[in-house]
Each structure stands twice: as C-alpha cells, then as structure tokens.
Amino acid sequence: MIVAKQPNHASTPRLSCIVLSYNSEIDKDKCVFHCLLSVLSQTEDFFEIILVENSREKPAYLAELESKVSQWNQKRVYPIPLTLINNSHSLSVGKARNIGAQKAKGEILIFIDDDTIIADQ
C-alpha cells in the first residue's frame with residue numbers, strides 16, 4: 001500500500017515571489033491587486049509572497065491588501081503567506097529586491113514588479 005505523504009506547509013516554501021512596488025502618482029492599488037491575484041492563481045502550492053513597498057510613506061493600500069489576500073487565501077486549499085515590507089526611504093531597485101531576498105525562505109526566488117501579470121498555469 002502506497003501512502004502519499006501530506007505536505008508540511010509550516011516548512012520552507014519552494015518558491016518565494018518577491019514583488020517590488022513603488023507608491024507613485026498612478027493608481028498603484030489596482031496594479032498591486034491584479035499582480036498578486038495573478039500570483040495567487042498559480043497552481044504551485046509551496047510558495048510565499050513578499051511585497052516590498054519601496055517608498056518613504058506607508059501607502060494606504062497596504063491594510064486593504066492584507067485583507068484581500070486573506071480573502072483570496074480562504075479560497076485556496078493551502079494559504080499563501082504574505083510578508084509586507086515597507087522601506088523607510090526609497091532605495092534603488094537592486095537594493096529593494098535584495099531586502100526582499102533577505103526575507104525570503106524559498107529555495108527559488110522570483111522577482112516581479114507590481115505591474116506584472118503572470119499567466120495562469
């Protein structure tokens with residue numbers, strides 16, 4: 001008899017998706033929501049999302065974003081952890097991504113910007 005081992009979701013995620021965002025004049029709220037929704041719609045179960053907000057001020061959308069991700073996670077069999085990082089000052093793209101990479105727990109790092117939509121897989 002073969003018994004499939006149940007995945008331990010408290011363990012290290014396989015992938016870390018690091019999303020870089022910058023609070024600018026355009027409507028970033030919608031960009032970030034669509035980007036994260038496309039990430040959450042992937043079939044991979046063992047991953048985490050790290051959102052690095054690279055602006056001096058804490059954007060108003062972060063609290064709403066946490067709520068939306070929680071709602072999206074209720075539809076998933078295995079919830080996807082979301083880590084929000086708000087830089088106290090604007091950094092270069094490379095430095096902001098490195099901050100996300102330092103917090104990442106996955107074996108594979110994926111870097112995307114908040115205006116990226118990932119195709120369904």
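S1 and S2 pair in the parallel sense over seven bridges; strands pair if DSSP finds at least two bridges between them. Strands are DSSP runs (E, at least two residues) and helices are too (H or I, at least four), numbered from the N terminus. This is a predicted model: local features need pLDDT of at least 70, side-chain atom pairs count only at pLDDT 80 or more, and totals for chains, interfaces and linings use all residues. Residues are numbered from 1 along each chain as its sequence is written, and side-chain values use heavy atoms, without hydrogens and water.

**Sheet**
- Four strands make an open, parallel sheet in the order S3-S2-S1-S4.
- Strand S3 (82-86) and S4 are the edge strands, each pairing on one side only.
- From one strand to the next, the twist averages 20°.

**Strand S1 and its partners**
- Six bridges link S1 (residues 15-21) to S4, and the two run parallel.
- Isoleucine 18 has phenylalanine 111 as its bridge partner in S4.
- Leucine 15 is opposite isoleucine 108 in S4.
- Leucine 20 is opposite valine 52 in S2.
- Seven of the seven residues of S1 are buried (under 20% relative accessible area, 1.4 Å probe, protein chains only).
- One face of S1 holds Leu15, Cys17, Val19 and Ser21; the other holds Ser16, Ile18 and Leu20.
- In a regular strand, side chains alternate between the two faces of the sheet.

**Aspartate 114**
- Aspartate 114 sits in the segment after strand S4 (108-113).
- Aspartate 114 counts as buried because its relative accessibility is 3%.

Note on methods
Buried < 20%, exposed > 50% of the residue type's maximum accessible area, 1.4 Å probe, protein only. Axes fitted to C-alpha atoms, helices over the stretch in contact; angles between N-to-C directions.
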